[in-house]
Amino acid sequence: MSSTNRTLMKAAGFLMAAQLISRILGFLRETLMAGFYGQSGVTDAYNTAFVLPDLLYWLLVGGVLSAAFIPVFSEYIAKGDEDEGWRVASSVVNLILLTLGVLVLMGLFLTPQFIRLVVPGFAPENMVLATHLTRILLLQPLFMALSGLTMGILNSYKIFWPSAVGTVLYNASVIFFGTILADPAKPESISGFAFGVVFGAIANFAVQIPALRKVGIRYYPIIDWRHPGVRLIGALAVPIILSYSLNQIQVVVNNNFGSMMFPGSITAVWYSYRLFQLPVGIFALAIAVATFPTLTEQAALKRWDDFRQTLSNAIRMVIFITLPISIGMIVLRFPLIRVLFEHGQFTAKDTLIMAIPLFYFSLGISSQAVIQILPRAFYALQDTWTPVILGIIAMAVNILAMYLLIGPLAHGGLAFATTIAAFVNMLLLFYLLRKKIGQMDGWAMFWTSLKSLVASLLMAVVIWVWSEWLIPLIGISTIASVIVLITGTGIGALVFAGMAKLLKMKEFEQVMGLVRRKIGAH
């Protein structure tokens with residue numbers, strides 16, 4: 001393994017560990033909420049309350065950060081022109097915070113109208129609750145913008161740990177405030193989780209400040225429209241702003257359809273989506289974030305062979321990791337939901353309802369994982385329009401699929417539509433990136449995918465046979481489900497690892513080599 005790949009694997013390994021802790025806390029948060037409030041109109045209102053704050057954040061920060069800010073700032077760092085990079089960063093930070101502040105104030109006044117547009121099928125009391133929660137959560141985007149931009153600067157210096165720690169503190173804050181203020185007899189007490197989100201966003205930013213000072217922060221109170229770096233970020237950001245504003249349409253459509261179905265359907269889809277995003281967030285996003293500054297640097301220095309190899313290694317690794325998780329989650333979805341959610345107000349009926357969208361989401365885990373990486377390859381090439389146009393096509397596919405599938409599959413159709421759209425998006429990104437940079441080590445990616453699929457299917461058969469033998473003996477209580485889940489996962493991991501070794505997969509050797517080095521270091 002090259003030194004660059006070793007560095008990337010170490011960075012990705014740390015981010016995976018931090019993401020794992022964060023996601024575990026995230027699920028503790030979700031399972032506490034499920035226990036307090038079940039899968040109901042109250043939790044539907046809470047999940048709907050994130051639509052407007054998330055829209056503002058992703059509109060001005062999320063997409064701009066990954067597609068425009070980091071590549072441009074990283075290029076200044078790579079070429080040793082830090083002072084100019086900081087002038088550009090200051091202008092962008094000032095502009096985003098000023099614009100975001102104005103939009104948050106407007107959002108506070110227009111929240112009732114927005115909620116009526118998004119969830120017209122809500123009962124009046126849930127409409128009022130969603131409005132109240134949205135107004136609390138509108139304080140979050142300002143602090144998330146600060147932490148996101150700080151993360152972008154630190155990532156450009158290849159410093160990843162502060163933002164990873166910040167996500168852990170974020171979830172811990174939500175759990176703390178949500179738990180101490182919860183009262184199942186009072187639906188409005190769910191606002192404790194919303195207050196936790198706001199304080200968590202503040203903590204997420206605060207923990208990154210020492211590292212920012214260490215790299216030598218140089219803040220300028222300017223908005224320099226004429227600076228070529230600011231103009232370049234602006235040009236790169238326009239398609240991203242367009243993409244994320246259009247992308248929110250599918251979120252609105254999803255909630256709109258969900259509000260017309262039985263109470264709790266939005267929550268069932270949301271909880272399933274959170275489970276589906278777990279491997280994507282822990283593994284694919286960690287690898288993508290760790291790889292992106294290197295791709296940007298290699299593109300800036302025109303080291304195209306290294307660029308293709310870095311990209312191929314990242315894609316093959318996420319396929320190798322996520323395919324068995326995808327198939328394992330399908331086989332073990334019932335004990336998984338019982339262990340994480342079925343307690344308190346969350347019933348066995350809720351488990352059956354939630355298992356439907358989780359099945360359809362799980363089919364798309366690997367596609368969703370790969371599209372964490374491919375757009376970043378375009379961003380590193382300072383091409384932001386191509387992923388945006390393909391994202392808009394995928395969004396149109398998603399909305400059309402939701403419309404067609406909600407009849408036969410109900411809330412499962414909302415999940416299946418997301419999976420179909422992710423697969424279409426992945427294929428289009430592969431096709432156009434290959435046209436842009438030439439050969440992409442395609443056969444290596446194909447063989448990794450095929451070998452991972454074969455190993456995963458054999459693993460699934462073994463887990464299924466084991467579960468079918470074990471469940472009649474011990475039942476389906478929470479404790480029994482824990483036993484099925486742990487033993488099934490352990491047996492599945494051993495079968496997959498054995499097959500990967502038998503098939504001589506390089507990715508398996510890389511993972512084992514990293515584990516051995518970690519053990520040796522201790």
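Visitor: Which residue's side chain does a polar contact of 3.0 Å join to that of Arg29?

Guide: Please note at the outset that this model is predicted. The partner is Glu30, whose side chain is joined to that of Arg29 by a polar contact of 3.0 Å. A further polar contact, of 2.5 Å, links the side chains of Arg29 and Asn171.

Visitor: Where does Arg29 lie, and is Arg29 buried or exposed?

Guide: Arg29 belongs to helix H1, which covers residues 3-37. To judge burial, one reads the relative accessible area, and under 20% means buried. Arg29 has 9% relative accessibility, so Arg29 counts as buried.

Visitor: With which residues is Arg29 in contact, leaving aside neighbours within four places in sequence?

Guide: With those neighbours set aside, the contacts of Arg29 are Tyr170, Asn171, Val174, Ile175, Phe193 and Arg274.

Visitor: How many salt bridges does a search of the whole structure find?

Guide: The search finds 10 salt bridges. In one of them, the side chains of Glu30 and Arg274 meet at 3.1 Å, N to O. Glu30 is in helix H1 and Arg274 is in helix H11 (residues 265-300), so this pair ties together parts that are 244 residues apart in sequence. Glu30 is buried, at a relative accessible area of 3%, and Arg274 also counts as buried, at 15% relative accessibility.

Visitor: Which salt bridge does Glu507 form?

Guide: Glu507 forms a salt bridge with Arg316, and their closest N and O atoms are 2.9 Å apart. Glu507 lies in helix H21 (residues 506-521) and Arg316 in helix H12, so the two tie together parts that are 191 residues apart in sequence. Both Glu507 and Arg316 are buried. Salt bridges may also share partners: Arg29, Glu30 and Arg274 are joined in this way into one network.

Visitor: How many residues apart are Arg308 and Asp305 in helix H12?

Guide: Arg308 and Asp305 are three residues apart in helix H12 (residues 304-331), which means that about one helical turn separates them. They form a salt bridge in which the closest N and O atoms are 3.0 Å apart. Arg308 counts as partly exposed, at 25% relative accessibility, whereas Asp305 is exposed, with a relative accessible area of 61%.

Visitor: How is the length of a helix read, and what span does helix H18 reach from its first C-alpha to its last?

Guide: One compares the span with the value expected at 1.5 Å a residue. Helix H18 (residues 411-437) has 27 residues and reaches 40 Å, close to the expected 39 Å. Just after H18 comes Gly438, which takes a positive phi of about 85 degrees.

Visitor: How far apart in space are Thr131 and Ala268?

Guide: From C-alpha to C-alpha they are 21 Å apart, while 137 residues separate them in sequence. Thr131 lies in helix H5 (residues 124-137) and counts as buried, at 11% relative accessibility. Leaving aside neighbours within four places in sequence, Thr131 is in contact with Thr111, Pro112 and Ile115.

Definitions and conventions
Residues numbered from 1 in each chain as written. Predicted model: local features only at pLDDT ≥ 70, side-chain atom pairs only at ≥ 80, totals over all residues. Heavy atoms only, no water. Helix = DSSP H or I, 4+ residues; strand = E, 2+ residues; numbered from the N terminus. Buried < 20%, exposed > 50% of the residue type's maximum accessible area, 1.4 Å probe, protein only. Polar contact = N/O pair within 3.5 Å; in protein donor to acceptor, adjacent residues only side chain to side chain. Contact = heavy atoms within 4.5 Å. Expected span 1.5 Å × (residues − 1). Salt bridge = Lys/Arg side-chain N within 4 Å of Asp/Glu carboxyl O.
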